[in-house]
Amino acid sequence: MFKILHLDECPTSPMEPGRGEQIKLVNPSLGTEKVDVHLNRLVPGGPRGKLHHHTKADNVYIVKRGQGTLTADGKTYVIRENDVVYIPAGMTHSLANLSEDVFEIFEIYAPSGSHFDFVAGRVRDSTRDCA
């Protein structure tokens, strides 16, 4: 189903208490099972997102405004406006806005819908990996 959406007219829902809001753009409510796109608007100094991974879905962040702290596979990175981040399925990650300004990222999942899951997890201990 073809759609043209206007960002200011898309539904908004609160994220975990105190984190910010999510603006839903392309998602299963439109009938897509292949991709999910939304804008996360994280408040300054809000709580860190839960460490998690997605079993089958790749994840892409496109930073629209501000900067945040991304933990991916046990390493921490500062990501800023115009950065594009690819997180493959299965990689544990978490995102936070520890700055004093609003942090906005477009987030894309593929596949989405019934293929999408959110699995809470710990950072992998690479010292325990087997060869």
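Colleague: What makes β3 and strand β10 (residues 103-110) a pair?

Modeller: A pair needs at least two bridges between the strands. β3 and β10 have seven, in the antiparallel sense, so they count as paired. Within that pairing, N40 stands opposite I105 in β10. Please keep in mind that this is a predicted model.

Colleague: Which other strand is joined to β10 by seven bridges?

Modeller: That is strand β5 (residues 58-65), and it runs antiparallel to β10. I105 turns up here as well, as the bridge partner of V63.

Colleague: How do you know that β2 and β3 are paired?

Modeller: By the bridge count again: six bridges join β2 to β3, against a requirement of at least two, so the two strands pair. They run antiparallel, and G20 has L42 in β3 as its bridge partner.

Colleague: What makes β1 and β2 a pair, and what lies between them?

Modeller: Strand β1 (residues 12-14) is joined to β2 by three bridges, and the two run antiparallel. Since at least two bridges are needed, three are enough, so this is a pair as well. S13, for instance, has Q22 in β2 as its bridge partner. The two strands form a hairpin with five residues between them, and G18 in the turn has a positive phi of about 85°.

Colleague: Why is E21 called partly exposed?

Modeller: E21 is found in strand β2. Its relative accessible area is 26%, and the partly exposed class lies between the 20% limit for buried and the 50% limit for exposed, so E21 belongs there. Leaving aside neighbours within four places in sequence, E21 is in contact with T12, S13, P14, M15, L39, N40 and R41. The C-alpha atoms of E21 and P11 are separated by 10 Å, with the two residues ten apart along the chain.

Colleague: What does L30 touch beyond residues up to four places away in sequence?

Modeller: L30 touches M1, K3, L5 and L25. M1 is 29 residues from L30 in sequence, while their C-alpha atoms are 7.5 Å apart in space.

Colleague: Why is N82 exposed, while D73 is partly exposed?

Modeller: N82 has a relative accessible area of 62%, which is over 50%, so N82 is exposed.

Colleague: What makes the backbone at D73 and N82 worth a look?

Modeller: Most residues other than glycine have a negative phi. D73 has a phi near 55°, a positive value in a residue other than glycine. N82 has a positive phi of about 80° although it is not a glycine. D73 is found in the loop between β6 (67-72) and β7 (75-80), and N82 in the loop between β7 and β8 (84-87).

Colleague: Which peptide bond is cis, with omega near -5°?

Modeller: The one from A110 to P111. Most peptide bonds are trans. P111 lies in the loop between β10 and β11 (119-120).

Colleague: How do you know that the radius of gyration agrees with a compact globule?

Modeller: For 131 residues, a compact globule would have a radius of gyration near 14 Å; the protein chain has 15 Å, which agrees. Along its principal axes, the C-alpha trace spans about 50 × 35 × 25 Å. Buried residues make up 34% of the chain.

Colleague: And what does the whole chain look like in terms of elements and contacts?

Modeller: The protein chain has zero helices and eleven strands. Among contacts between residues at least 6 apart in sequence, 66% join residues at least 24 apart.

Colleague: How much accessible surface does the protein chain have?

Modeller: About 7,900 Å², with 54% belonging to carbon and sulfur atoms. As for charges, there are 15 positive and 17 negative, and their mean positions are 4 Å apart.

Methods
Residues numbered from 1 in each chain as written. Predicted model: local features only at pLDDT ≥ 70, side-chain atom pairs only at ≥ 80, totals over all residues. Heavy atoms only, no water. Helix = DSSP H or I, 4+ residues; strand = E, 2+ residues; numbered from the N terminus. Rg over C-alpha atoms; globule rule 2.2 N^0.38 Å. Buried < 20%, exposed > 50% of the residue type's maximum accessible area, 1.4 Å probe, protein only. Contact = heavy atoms within 4.5 Å. Areas by Shrake-Rupley, 256 points an atom, 1.4 Å probe, with all protein chains shown as cover. Lys, Arg positive; Asp, Glu negative; His and termini not counted. Charge placed at Lys NZ, Arg CZ, Asp CG, Glu CD.
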